[in-house]
Amino acid sequence: MHHLIRPAACALLAFGLAAGTASAAVTVTYVNTEKMTDVPRFETDRKSMEIDFREFFEEQARKLPAGQDLKVEILDIDLAGDVFPRVPIRDVRVTQGTYDFPRIHLRYSLEQDGKVLRSGERELADRNYQLNVNSYRNEMYHYEKQMLSEWFRKDVLVGN
C-alpha cells in the first residue's frame, strides 16, 4: 500500500508545480533609482531594495488570474522615516509618524493577450502609516509594502 502512496504524492506535487507555472507575469522597472527622493544611499542597499520590491510585486501578481501580465514602473520612492547616518557602513532609519510617511510614484499596466485591461499612474502616500494594521510588520520596507498591497487590491485586482 505504501508503495502506491509515494508515486501518487509525487504526481500531485508535479501537477501542483506545473499549475503554478501558468501564473501571471510581472515586470518591475526602476526609473533612475539613484535620483529618487529617498532610497538607500549605498548602491548595494539600493539594489537589495529593488530586489525586495520586485519579489513583493511577484508575490502580489500570484493573486492575478493566469495569463494576465502586470508591468510596474517605479518613478520615485520616498521611504518612511528619515535617515541618520551612523557609521560609514550602515544608516539608521527613524520613523516619527509626522511628515516622514512613505510615498511611491508609479506607473502600471495590467494586460491580457496583448490588451490593456487597466493602466494608470499613481502617487501613493500613507500619512497614517504608523496607525494602520500592517501585514508585513516583520519585513524590510513594511510600511511601503502595506501601502503597495492596498493599492494592488484597489487598482489592480478590482474586477478579477
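This is a predicted model: local features need pLDDT of at least 70, side-chain atom pairs count only at pLDDT 80 or more; totals for chains, interfaces and linings use all residues.
Residues are numbered from 1 along each chain as its sequence is written. Local features need pLDDT of at least 70 and side-chain atom pairs count only at pLDDT 80 or more, while totals for chains, interfaces and linings use all residues, and side-chain values use heavy atoms, with hydrogens and water left out.

Helices (H or I, at least four residues) and strands (E, at least two) are DSSP runs, numbered from the N terminus. Two packed helices are described by the angle between their axes and the distance between the axes. For helix H2 (residues 43-61) and helix H3 (residues 142-156), the angle is about 30° and the axes lie 11 Å apart; axes are lines fitted to C-alpha atoms, for helices over the stretch in contact, and angles run from 0 to 180 degrees between N-to-C directions. In contact (heavy atoms within 4.5 Å), Asp52, Phe53, Phe56, Phe57, Gln60 and Ala61 of H2 meet Glu144, Lys145, Leu148, Ser149, Trp151 and Phe152 of H3.

Strand E5 (residues 103-112) is mostly covered, with 7 of its 10 residues buried, that is, under 20% relative accessible area (1.4 Å probe, protein chains only). Strands pair if DSSP finds at least two bridges between them. Strand E2 (residues 68-78) runs antiparallel to E5 and is joined to E5 by 10 bridges; isoleucine 77 has isoleucine 104 in E5 as its bridge partner. E5 is also joined by 10 bridges to strand E6 (residues 115-125), again antiparallel, and glutamate 111 stands opposite valine 116 in E6. The hairpin of E5 and E6 has 2 residues between the strands, and aspartate 113 takes a positive phi near 55° there.

Technical notes: Buried means under 20% relative accessible area, exposed over 50%, partly exposed in between (1.4 Å probe, protein chains only).
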